[in-house]
Amino acid sequence: MILERVLKSIKCHPVLSASIEYNAYVPLDLSVCNSELQAVNVSSSDDLEVFIWKHMKRNSAKVAYGGYIEKRGIYNRSDYFNQQNPETERNIHLGLDLWIEASSPIFAPIDGEVHSFNNNTNHGDYGPTLVLKHEIEGLGFYTLYGHLSLQSIENIKGGDKVVKGQQIASLGTAEVNGDYPPHLHFQIIEDIQEYSGDYPGVSNLLDLEYYKQNCPDPNLLLKLY
């Protein structure tokens with residue numbers, strides 16, 4: 001895939017503070033296969049936050065990350081995702097999550113411009129969301145930043161230029177971010193279709209192959225593993 005090859009080759013700024021060392025990041029498994037989650041009420045953002053922070057403390061980490069193409073049970077709490085048919089239930093995560101404290105600053109990994117933004121307020125949705133548009137070697141694509149603070153989408157407009165390393169947002173609390181422990185949902189999108197300030201971040205089984213092609217591994221830009 002041409003886009004993947006291009007993204008792999010470019011040097012990016014970290015989306016979190018560059019002062020956080022690589023060894024302060026720890027992988028986090030929130031999949032249905034993680035037996036440790038059986039003892040956690042994942043419907044509660046408070047209980048899930050306790051689980052995540054214990055995992056980080058145990059590993060002397062400042063950031064927990066993971067989740068690309070991960071089948072999760074945490075979406076069962078919301079009618080926005082939950083379906084009766086297992087094939088149409090949306091529970092396969094398309095972005096990569098970075099779990100860190102609320103208000104943490106978010107930075108642009110590469111140059112771009114504001115494509116769109118919105119406060120997606122469904123239960124379990126992104127909350128405040130920013131989408132940037134990029135072009136490299138003639139290839140256009142987008143990056144999405146979900147679960148932001150409300151302030152992140154104030155005083156901006158479509159077409160605003162963004163430079164690599166510029167602070168573009170900060171993380172929101174559970175009260176505004178869709179009712180999750182504070183984290184960034186970061187996603188790469190090749191064709192954003194007609195979406196504005198939003199794009200599916202969770203897929204069902206039927207549509208997964210399309211989304212895997214249209215939303216390549218976010219680590220191509222984050223370069224964490």
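Student: Cysteine 33 first: buried or exposed?
Tutor: Cysteine 33 counts as exposed, because its relative accessibility is 68%; exposed means over 50% relative accessible area, buried under 20% and partly exposed in between, using a 1.4 Å probe and protein chains only. This is a predicted model, where local features need pLDDT of at least 70, side-chain atom pairs count only at pLDDT 80 or more, and totals for chains, interfaces and linings use all residues. Residues are numbered from 1 along each chain as its sequence is written, and side-chain values use heavy atoms, leaving out hydrogens and water.

Student: And cysteine 12, buried or exposed?
Tutor: Cysteine 12 is buried, at 17% relative accessible area.

Student: How many disulfides are there?
Tutor: The count is 0 disulfides, a disulfide being a pair of cysteine sulfur atoms within 2.5 Å.

Student: New topic: how many residues has the largest nonpolar core?
Tutor: That core has 36 residues, and Leu16, Leu98 and Tyr145 are among those with the most contacts inside it. A nonpolar core is a set of buried Ala, Val, Leu, Ile, Met, Phe, Trp, Tyr and Cys residues joined through side-chain atoms within 4.5 Å.

Student: What lies apart from it?
Tutor: Another core of 17 residues, including Phe51 and Trp99.
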